[in-house]
Amino acid sequence: MHKPNCVLITGATGDFGRAFVDRFAALGCKVIVHGRDAKKVAALVSALSVPVYSLVCDMADPKAIETAVCAIPPEFQDIDVLVNNAGGALGLEKAHESNLDDWDAMIDINVRGLVHMTRHILPRMVSAKRGHIINIGSTAGNWPYPGGHVYCASKAFVRQFSLAVRADLQGTSVRVTNIEPGMVETQFSLARFKGDAARAKAVYANTHPLSPSDIAEAVVWCATLPAHVNVNSIEIMPTTQSFGPLAVERFA
Ligand code: 8X3
């Protein structure tokens, strides 16, 4: 098994992030726990028994990302897995009725934040000829749906960015993987619906969604495969979720 040295997980205080932190910590990896809220990061870190570093910054603020990454101490600079997990969806209104601030926030975190973090971490991986960028994409990047607009587009960006960066990394031994989860029961919908708990709960009602640990399983599997194996992408849905027909407008 390929054992990572040091894993940086963005958005680590969320449901996915905590599942990833737990799994990599169980492997004995050093973990860099990123979050925006210092208190939440401190609570997560206090439960870990592996070497851990807290990286507190807002992924929507490129300068803050750079400053935080530059301050990582030498003993945590051997990052060989970056899990770009921070991100989310805001709103499900039709495109022409959406809130532009929501659109900007999704672009800032899902796209710009991920790109900046990747750009800061990659050079050291390339010099070390060892590393793995694992991006958390979404089925939304492959399959559009009403109200998905910028969220779907941001995840399509993440997919193509992952593949194109992989092309650039030919010859460096650095791996890139895009994990594309479908419906997973997390705080994702609560955030999308801005705290409307009933609406968020309804998304997962009377079905069997995936859990964050299902996605952690895939992330850790990819990260621990032998160094000569690169999983380009994995799309994962619950068995209860599949595809619908294309919509056709019919005239009266
Ligand atoms: C989450 C999957 O279908 O809610 O990325 O957009 S979906």
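Q: Before the helix pairs, what are the axes and angles here?
A: Axes are lines fitted to C-alpha atoms, for helices over the stretch in contact, and angles run from 0 to 180 degrees between N-to-C directions. Keep in mind that this is a predicted model.

Q: Fine. At what angle do H4 and H5 pack?
A: At about 15°, with the axes 8 Å apart. Helix H4 covers residues 100–128 and helix H5 covers residues 149–168.

Q: Parallel or oblique, then?
A: Angles under 35 degrees count as roughly parallel, so H4 is roughly parallel to H5.

Q: And which hand is the crossing of H4 and H5?
A: Right-handed.

Q: H4 also packs with H3. What are the angle and the axis distance there?
A: About 30°, and the axes are 10 Å apart. Helix H3 is residues 62–70.

Q: How does that pair classify, roughly parallel or oblique?
A: Roughly parallel, because 30° falls under the 35 degrees cut-off. The H3 and H4 crossing is right-handed.

Q: What about H1 and H8?
A: Helix H1 (residues 15–26) packs against helix H8 (residues 212–224) at about 45°. Their axes are 9 Å apart.

Q: Oblique or roughly parallel?
A: H1 and H8 are oblique to each other. H1 passes H8 in a right-handed crossing.

Q: Switching to the ligand. Which residues surround it?
A: Ser138, Ala140, Tyr145, Tyr151, Gly182 and Phe188.

Q: How does that shell split by class?
A: There are 4 nonpolar residues and 2 polar ones. No charged residues are in the shell.

Q: What about Tyr145?
A: A side-chain N or O atom of Tyr145 is 2.6 Å from an oxygen atom of the ligand.

Q: And Tyr151?
A: A polar side-chain atom of Tyr151 also lies 2.6 Å from a ligand oxygen atom.

Q: How much of the ligand does the protein bury?
A: The protein buries 79% of the 240 Å² that the ligand exposes when taken alone.

Q: Next, backbone. What is phi at Lys129?
A: Near 55°. That is a positive value in a residue other than glycine.

Q: Where is Lys129?
A: In the loop between H4 and strand E5, which spans 131–136.

Q: And what is phi at Lys194?
A: Positive, about 55°, although Lys194 is not a glycine.

Q: Which loop holds Lys194?
A: The loop between helix H6 (188–192) and helix H7 (197–203).

Methods: Residues are numbered from 1 along each chain as its sequence is written. This is a predicted model: local features need pLDDT of at least 70, side-chain atom pairs count only at pLDDT 80 or more; totals for chains, interfaces and linings use all residues. Side-chain values use heavy atoms; hydrogens and water are left out. A residue is near a molecule or strand if one of its heavy atoms lies within 4 Å of it. A polar contact is a pair of N or O atoms within 3.5 Å; within protein, one must be able to donate a hydrogen and the other to accept it, and residues adjacent in sequence count only if both atoms are side-chain atoms. Accessible areas come from the Shrake-Rupley method with a 1.4 Å probe; for residues, only the protein chains shown count as cover. Ala, Val, Leu, Ile, Met, Phe, Trp, Tyr, Cys and Pro count as nonpolar, Asp, Glu, Lys and Arg as charged, and the others, Gly among them, as polar. Helices (H or I, at least four residues) and strands (E, at least two) are DSSP runs, numbered from the N terminus. Angles under 35 degrees count as roughly parallel, over 145 as roughly antiparallel, 65 to 115 as roughly perpendicular and the rest as oblique. A crossing is left-handed if the near helix is turned anticlockwise from the far one by less than a right angle, and right-handed if clockwise.
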